[in-house]
Amino acid sequence: MTPPVEPEDEAYRPRLIRSYTITAGRTASKVDLAMEATLRLQAGAEAPAYLTPSAMQVLEVCDRRSVAEVSALTKMPIGVTRVLLGDLIEQGLIRLQATITEKTSTDERLELIERTLRGLRNY
Amino acid sequence: MDFETTKAQRAAASTKIVIAGGFGVGKSTLVGAVSEIDPLRTEALVTNESEGVDDLAAVPTKHTTTVAMDFGRLTLAEDLVLYLFGTPGQRRFWFMWDDLCRGAIGAIVMVDVARLDESFSPLDYFESKGIPFIVAVNEFDGVPRYPVDEIAAALALPPEVPIISLDARDREQAKGALVKITEYALMRLRESLTVNAN
């Protein structure tokens, strides 16, 4: 595996496309979406015909993947990805799986870290 | 069985550890050494005044730039995925760190002994936010080695913060660093419970 170049190499590269045109100018998602939060397709949900090509693209790659992965795979900036995923969640096409948030109880936090530790030791 | 279903859905399905440190210190190398996928890159849009990420609606005429973040993925169990996020090194992108660190188990601050000063700011950041972190000294080929306790002293590390040295290219050593930060985060959380109980 070749290590990728450091992200800084491409920093401050100007963009030619105004990305938020594909979200109709919206820059915030109504759903709180952590970078590592994963998505699942809702069983039985069918993509409505009115979905934009960008939303369709997001829908196609998002199952069992994180917000960050969807952004990387669709080559859309993280903010745009969040808006599109938020729409799909609101439309009931996908659901968000749990992560640690401010609302997570200490017991749940302990349980998660313990599971992570077990997983890492066997990885 | 409804209860079980609810509990299973509430249990976190993914989590993350943040990999921080100065430019070229080996963050992406470490991520690449343990990730099950070739590390991926996500970008956030930034206005050149750095007033905030993605806040372009109010300022449509500003030029935008991007800040890139590399990340990797480890499937730890059927129902648990761990993501590793490398922080953007440059100081002007620090506003991205809050987004990256929210909900993280903890952070690994990577250190290059030839440029110790570059790790001061990340160390300050995690200390001030109360995020558990460990220090990992990346042993580059041909660079003099120092005992980790001398490095800890030079960094003015609090005595409880674990410090290890590793070769970021080595999968087992990179994995060892992930185990270390997770153990430390678990210990910190258990300690906080004891303090609260007394």
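This is a predicted model: local features need pLDDT of at least 70, side-chain atom pairs count only at pLDDT 80 or more; totals for chains, interfaces and linings use all residues.

Two notes before you start. Residues are numbered from 1 along each chain as its sequence is written, while chains are lettered from A and ligands numbered from 1 in the order in which they are written.

**Exercise 1. Describe the secondary structure of chain B and the confidence in it.**

Step 1: Count the elements, where helices (H or I, at least four residues) and strands (E, at least two) are DSSP runs numbered from the N terminus. Chain B has 6 helices and 7 strands.

Step 2: The pattern reads α-β-α-β-β-β-α-β-α-β-α-β-α.

Step 3: Check the confidence. The average pLDDT of chain B is 86, and 83% of the residues score at least 70. Be careful with residues 49-60 of chain B, where the pLDDT is below 50.

**Exercise 2. Find out why helix H2 of chain A is largely enclosed.**

Step 1: Recall the rule. A residue is buried if 20 or more other C-beta atoms lie within 10 Å of its own, exposed if 12 or fewer, and partly exposed in between, with C-beta atoms placed from the backbone.

Step 2: Apply it to H2(A), residues 67-74. The buried residues are Val67(A), Ala68(A), Glu69(A), Val70(A), Ser71(A) and Ala72(A).

Step 3: Conclude. Because 6 of its 8 residues are buried, H2(A) is largely enclosed by the rest of the structure.

**Exercise 3. Work out how H1(A) and H3(A) are arranged.**

Step 1: Compare the axes, which are lines fitted to C-alpha atoms, for helices over the stretch in contact; angles run from 0 to 180 degrees between N-to-C directions. The axes of H1(A) (residues 53-61) and H3(A) (residues 78-90) come within 10 Å and cross at roughly 80°.

Step 2: List the partners, using contact to mean C-beta atoms, placed from the backbone, within 7 Å. Ser54(A), Ala55(A), Val58(A) and Leu59(A) of H1(A) meet Thr81(A), Leu84(A), Leu85(A), Asp87(A) and Leu88(A) of H3(A).

**Exercise 4. Which residues does Ala107(B) touch?**

Step 1: Set aside residues up to four places away in sequence.

Step 2: Read off the others. Ala107(B) touches Ile17(B), Val18(B), Ala20(B), Cys101(B), Phe126(B), Ile131(B) and Phe133(B).

**Exercise 5. Compare Arg64(A) and Ala156(B): what is phi, and is each residue exposed or partly exposed?**

Step 1: Look at phi. Arg64(A) has a positive phi near 65° without being a glycine, and Ala156(B), also not a glycine, has a positive phi of about 55°.

Step 2: Locate them. Arg64(A) lies in the loop between H1 and H2 of chain A, and Ala156(B) in the loop between helix H5 (148-154) and strand E7 (163-166) of chain B.

Step 3: Count neighbours. Arg64(A) is partly exposed because it has 15 C-beta neighbours inside 10 Å. Ala156(B) has 8 inside 10 Å, so Ala156(B) counts as exposed.

Terms used:
Two residues are in contact if their C-beta atoms, placed from the backbone, lie within 7 Å. pLDDT is the predictor's confidence in each residue, from 0 to 100.
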